[in-house]
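What follows is a walk through one structure, taken step by step. Keep the sequence and the 3D view at hand while reading.

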Amino acid sequence: MLLTMPHVLYAIHGSHPCLTAERALQLKGQPYRVHEMAPALHVPEQWLRFRKLTVPALQLGSGEKVVGSRAIVHRLDELVPEPPLLPQDPERRARVVEAERWGDEVLQPVPRRLAWTGMCARPDAIPVYAEGSRLPLPRFVQRLSAPRIARVARWRNGGGEAQAREDLAALPGQLDRVDGWIAEGVMGGAEPNAADLQIAPSVRLLATMEDVRPLLAGRPALALAVRLFPSYAGRMPQGALPAAA
Ligand SMILES: N[C@@H](CCC(=O)N[C@@H](CS)C(=O)NCC(=O)O)C(=O)O
C-alpha cells in the first residue's frame with residue numbers, strides 16, 4: 001500500500017534510533033516531515049502526544065501513531081512491502097529480528113550513555129553534535145541550557161564515569177557479535193535490513209567518539225556503519241571518556 005499523506009517523524013537531532021526510523025521512511029519512499037524537539041525537554045511533549053517518553057515516534061498520514069524505532073520499521077514494512085526490511089523466509093527473518101532486538105535493547109543504550117557522559121565532561125562538544133539542528137533557539141540560550149540538559153540526559157539514561165568504564169569494557173565483545181552477524185550474512189547485505197538499520201546508527205555514533213575509535217578500527221561493523229550513514233554530526237574529543245574498566 002502506498003501512503004500518500006505526509007507522515008510526521010518526532011525526533012531529536014543526532015538521535016541514533018531516530019536515524020533508524022528516518023532511513024526506513026526514506027527506503028520505503030514515504031513522504032514525511034521531521035518535528036524536531038530539544039533533548040530531555042522532549043520528554044513531556046512526547047508524553048502529551050504519545051503517552052510515551054522516547055523518540056522516535058511516528059504519526060502516520062492516516063493518523064495512526066507508532067512509537068519506537070523497531071515498531072516503526074516493522075509497521076512501515078507491513079504497510080509498504082518494497083523494499084523488504086525483514087526477510088520473508090522464517091528462519092532468516094528470526095535471525096534478523098533477534099539481531100535487531102539485541103541492537104535496540106543492548107547496544108543502543110551504550111553510545112547514548114557514553115555520549116551524554118562525554119558531553120558533561122566536555123561541554124564544548126555539545127554544539128558540534130548540535131550542528132545541523134533546525135531548532136530555532138538563539139545561540140546564547142543553547143549555550144546556557146545545553147550543559148544542564150546534558151546533565152539531565154546523563155542522569156535519565158544512567159550515564160556517568162563508572163558506567164562508561166563498564167560500557168567501554170563490554171564494547172569489544174558486543175562489536176564481535178555484530179561482526180559475527182555480518183560474517184554470517186544476517187547483516188551487511190547489499191540492501192539494508194531491519195538489523196542493519198537498528199545497529200549501524202549506534203556504531204556510527206560510537207565512531208564520533210575519539211576514545212572509542214581504536215575499538216572500532218578495521219571492523220566490518222564500522223565499515224557497514226559508515227557505508228549506510230556516511231556522515232554523522234558530532235565529535236567527542238579524546239579524553240572525554242574514562243579508560244575502560
Ligand atoms: N529503544 C527505543 C527508545 C529510544 C530512546 O531511548 N530514545 C532517546 C533519545 S536517543 C529518548 O527519547 N530518551 C528519552 C529520555 O531521555 O528519557 C527506540 O529505539 O525507540
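This is a predicted model.

The domain assignment divides the chain into domain 1 (7–79) and domain 2 (90–228).

How far apart are the C-alpha centres of domain 1 and domain 2? The distance between these centres is 18 Å. Across the boundary, 15 residues of domain 1 are in contact with 20 residues of domain 2. On the domain 1 side of this contact, α1 (16–27) and α3 (69–79) each supply at least two residues. The largest share of that side comes from α1, with six residues. By class, the side of domain 1 that touches domain 2 has seven nonpolar, five polar and three charged residues.

The next topic is how helices pack against each other. Two packed helices are described by the angle between their axes and the distance between the axes.

Take helix α5 (residues 109–121) and helix α8 (residues 161–184). Their axes come within 10 Å and cross at roughly 135°. That angle makes α5 oblique to α8. The crossing of α5 and α8 is left-handed. From α5, the residues Val-110, Arg-113, Leu-114 and Thr-117 meet Glu-161, Gln-163, Ala-164, Asp-167 and Leu-171 of α8. This contact of α5 with α8 includes four nonpolar, two polar and three charged residues.

Helix α8 also packs against helix α11 (residues 220–228), and here the axes come within 8 Å and cross at roughly 75°. With this angle, α8 is roughly perpendicular to α11. Which residues meet in α8 and α11? Leu-175, Val-178, Asp-179 and Ile-182 are the residues in α8, and Pro-220, Ala-221 and Leu-224 are those in α11. The contact of α8 with α11 is made of six nonpolar residues, no polar ones and one charged residue.

The crossing of α5 and α9 is left-handed. In this contact, Val-110, Pro-111 and Ala-115 of α5 meet Ser-202, Leu-205 and Leu-206 of α9. The contact of α5 with α9 has five nonpolar residues, one polar residue and no charged ones.

A few details of the backbone remain. Val-55 and Pro-56 are joined by a cis peptide bond, with omega about 10°. Pro-56 sits in the loop between α2 (42–50) and β3 (57–59). Another cis peptide bond runs from Glu-82 to Pro-83, where omega is near -15°, and Pro-83 belongs to the loop between α3 and α4 (90–107). Finally, Ala-40 has a positive phi of about 70°, although it is not a glycine. Ala-40 is found in the loop between β2 (32–37) and α2.

Key:
Residues numbered from 1 in each chain as written. Predicted model: local features only at pLDDT ≥ 70, side-chain atom pairs only at ≥ 80, totals over all residues. Domains from an automatic or database assignment. Contact = placed C-beta atoms within 7 Å. Helix = DSSP H or I, 4+ residues; strand = E, 2+ residues; numbered from the N terminus. Nonpolar A, V, L, I, M, F, W, Y, C, P; charged D, E, K, R; others polar. Axes fitted to C-alpha atoms, helices over the stretch in contact; angles between N-to-C directions. Parallel < 35°, antiparallel > 145°, perpendicular 65-115°, else oblique. Left-handed = near helix turned anticlockwise from the far one by under 90°.
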